[in-house]
Amino acid sequence: MLQRVDFYILNSHQDQDRWRILGTLLGRQWLKGHRFHIHCRDQNECEELDSFLWQSDITDFLPHHRLDKEFAGDSPITLGHPQSWPEKRDILVNFDLHLPEAMHSFERVLEIVVQDPVWLDAQRDHYRQFKKMGLTPQIHKLG
């Protein structure tokens, strides 16, 4: 059941900056036992983010796998898009313009906000939807 929502607001308008902040946030949390799902807009973004995460320094590596690719094991971080969802995770990172219906099965949702008009409009709408659900999103302004 959804209990907490966090918006991380960046001054940047670049998707790559969202991914860098994502790496920082995940790097702090997955070792504590949290299980993340990163919900991408589509398969292309999922592939690009996967490549970005594999190019990380080995000391910053984030164990992850894509749900639309065969993988025999398990990892604390999954990547997916509207056609691929994990069975059970506790934190959803939403990189989609829409709030997924499956978000209610997570305990927490993270949104990383960039200064792009399309994204700002979508995430303002997300904020209003969370408020209607009775949640008070936490705002974190990052440089």
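Author: A charge sits over a ring if NZ of Lys or CZ of Arg is within 6 Å of the ring centre and within 35 degrees of the ring normal. The model discussed here is predicted.

Reader: Over the face of which residue does Arg18 lie at 4.5 Å from the ring centre?

Author: Arg18 lies over the face of Phe95, at 4.2 Å from the ring centre. The value of 4.5 Å belongs to another ring that Arg18 lies over. That ring is in Trp119.

Reader: Is Trp19 buried or exposed?

Author: Trp19 has its place in helix H1, residues 15-29. Buried means under 20% relative accessible area. Trp19 has 3%, so Trp19 is buried.

Reader: Which parts does the pair of Trp19 and Phe52 tie together?

Author: The count of aromatic pairs comes to four. In one of them, Trp19 and Phe52 are tilted, with 5.5 Å centre to centre and 55° between the planes. Phe52 lies in helix H2 (residues 43-54) and Trp19 in helix H1, so the pair ties together parts 33 residues apart in sequence: H1 and H2.

Reader: How many residues apart in sequence are the parts tied together by Trp85 and Phe106?

Author: Trp85 and Phe106 form a tilted pair, 6.2 Å centre to centre. Trp85 lies in the loop between E4 and E5, and Phe106 in the loop between E5 and strand E6 (108-113), so the parts tied together are apart in sequence by 21 residues.

Reader: Is Ser84 buried or exposed?

Author: Ser84 lies in the loop between strand E4 (77-80) and strand E5 (91-94). Ser84 touches His37, Leu67 and Asp68, leaving out residues up to four places away in sequence. Its relative accessibility is 7%, so Ser84 counts as buried.

Methods. Residues numbered from 1 in each chain as written. Predicted model: local features only at pLDDT ≥ 70, side-chain atom pairs only at ≥ 80, totals over all residues. Heavy atoms only, no water. Helix = DSSP H or I, 4+ residues; strand = E, 2+ residues; numbered from the N terminus. Buried < 20%, exposed > 50% of the residue type's maximum accessible area, 1.4 Å probe, protein only. Contact = heavy atoms within 4.5 Å. Phe/Tyr/Trp six-rings, centres within 6.5 Å; stacked < 30°, edge-to-face > 60°.
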